[in-house]
Amino acid sequence: MNVLYSLLLVLALVVIPLIGAGALGWHTLFGVFIPLFAVVVFLVGFVYRILDWGRSAVPFRIPTTGGQQETMPWIKQSKLDNPSTTAGTVGRMALEILLFRSLFRNTQTQLSQGPKLSYGSSKWLWLGAIAFHYSFFIIVARHMRFFTEPIPMPFEWLDKLDGILQIGVPTLYLTEIVILAALAYLFLRRVVVPQLRYISLPADYFPLFLILAIVISGILMRYFIRTDVMDIKTLTMGLATLNFSVPEGIGVIFYIHMFLVSALLVYFPMSKLMHLGGVFLSPTRNLANNNRMQRHINPWNHPVKVHTYQEWEDEYREQMKEAGLPVEKE
């Protein structure tokens, strides 16, 4: 049912611009006001979540201990898994963010007859995740050509590199194939594997369906339902420069695509997708393990008034004597 709920919600999001922009002709609402509102919600929500996490107390170093920490000279340290320097920590963060190293090293467990517990590699998950994230990043970067004039050279190069095979007219982008395959794998993995299906919630399926709908609407707009690219460029440049202009010739498929992207922007700060910013604030990743070399004092510790035994005995000495209790000083 979680799959069905998420699918129905995404289909409802498709119907809204279909009626609003298609049947009712509210082009300014779906082309200008809703996208701007979504961008504002995304920026405010993203910054709020980062600041909220940044205020969390992390008084001590709590790095993961996937490797040997620095100790005796004759014991070899794992400088990437358990770094004690800033350079090692930067290296670990770079591998985590750019190559998903912890996911690459992830293993899956399986209980077979016997009973026998076995461990195996789960590299397909790593491959699907890295294919999806890099494809998504390249697609977003390619779209920057609609918001810039003149178009910066890196975006031009990225566009040519993505369509390097030059299959068909217009050119088929490699990332469109890769992201569809990656999304299909990530969805099927949750549906087919019983353990994952049991723990999966609508919040796990909804972003997959939403991003899939965005990709499909973009593909339809590029290859099957032709729209005027120059009109789209006029509208997007108006959004970027706050000089709004809504041409009449843009098809409804564009407004569906734009509305789904707006929904993703609004949903992003309040969802698990915020791992985009959270990965930089993970104390198990961004702190060096130098606990044996440096004493870390909790900056949030309040001063504690100490009442020593000598002070206590001075205060109650006479009462202690009357009660027959031994005292250290007469």
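Predicted model: local features only at pLDDT ≥ 70, side-chain atom pairs only at ≥ 80, totals over all residues.
1. Start with F42. Setting aside neighbours within four places in sequence, F42 is in contact with L265, F268 and P269. F42 belongs to helix α2.

2. Across the whole structure, a search finds twelve aromatic pairs. F42 and F46 form one, and it is tilted, with 5.7 Å centre to centre and 45 degrees between the planes. Both residues lie in helix α2 (residues 27–54), and because they are four residues apart there, about one helical turn separates them.

3. F46 has a further partner. F46 and F268 make a tilted pair, 6.4 Å centre to centre and 35 degrees between the planes. This pair links distant parts of the chain. F46 is in helix α2, while F268 is in the loop between α11 (252–267) and α12 (275–278), 222 residues apart. F268 has 14% relative accessibility, so it counts as buried.

4. Now the overall form. What does the secondary structure come to? The protein has 14 helices and two strands. Its radius of gyration is 29 Å, well over the 20 Å given by the globule rule for 330 residues, so the protein is more spread out than a compact globule. Along the principal axes, the C-alpha atoms fill a box of roughly 100 × 55 × 45 Å.

5. Of the 330 residues, 33% are buried. Among contacts with a separation of 6 or more, 64% are between residues 24 or more positions apart. The accessible surface is about 20900 Å², and 68% of that surface belongs to carbon and sulfur atoms.

6. Look at helix α5, residues 123–142. This helix has 20 residues and reaches 28 Å from its first C-alpha to its last, close to the 28 Å expected at 1.5 Å a residue. Its buried residues are L125, W126, G128, A129, I130, F132, S135, I139, A141 and R142. What do they pack against? The partners are α3 (86–99), α4 (101–104), α6 (153–162), α7 (174–192) and α9.

7. S135 is worth a look within α5. Is S135 buried or exposed? Its relative accessibility is 4%, so S135 counts as buried. Not counting residues up to four places away in sequence, S135 touches T175, V178 and I179.

8. Two charged side chains sit over rings. The charged end of R142 is over the ring of Y173, 3.7 Å from the ring centre. R142 is also among the buried residues of α5. The charged end of K123 is over the ring of F104, 4.7 Å from the ring centre.

9. Helix α10 covers residues 229–241. It has 13 residues and reaches 18 Å from its first C-alpha to its last, close to the 18 Å expected at 1.5 Å a residue. Buried in α10 are D231, I232, K233, L235, T236, M237, G238 and L239. These buried residues pack against α2, α9 (202–224) and α11.

10. Some backbone points deserve a check by eye. Most residues other than glycine have a negative phi, and most peptide bonds are trans. F100 is not a glycine, yet has a positive phi of about 55 degrees. F100 is in the loop between α3 and α4. With 14% relative accessibility, F100 counts as buried.

11. L242 also has a positive phi, of about 60 degrees, although it is not a glycine. L242 is in the loop between α10 and α11. Is L242 buried or exposed? At 60% relative accessibility, L242 counts as exposed.

12. Last, a peptide bond. Which residues does the cis bond join? It joins E149 and P150, with omega about 0 degrees. P150 is in the loop between α5 and α6.

Key
Residues numbered from 1 in each chain as written. Heavy atoms only, no water. Phe/Tyr/Trp six-rings, centres within 6.5 Å; stacked < 30°, edge-to-face > 60°. Buried < 20%, exposed > 50% of the residue type's maximum accessible area, 1.4 Å probe, protein only. Lys NZ or Arg CZ within 6 Å of the ring centre and 35° of its normal. Rg over C-alpha atoms; globule rule 2.2 N^0.38 Å. Contact = heavy atoms within 4.5 Å. Areas by Shrake-Rupley, 256 points an atom, 1.4 Å probe, with all protein chains shown as cover. Expected span 1.5 Å × (residues − 1).
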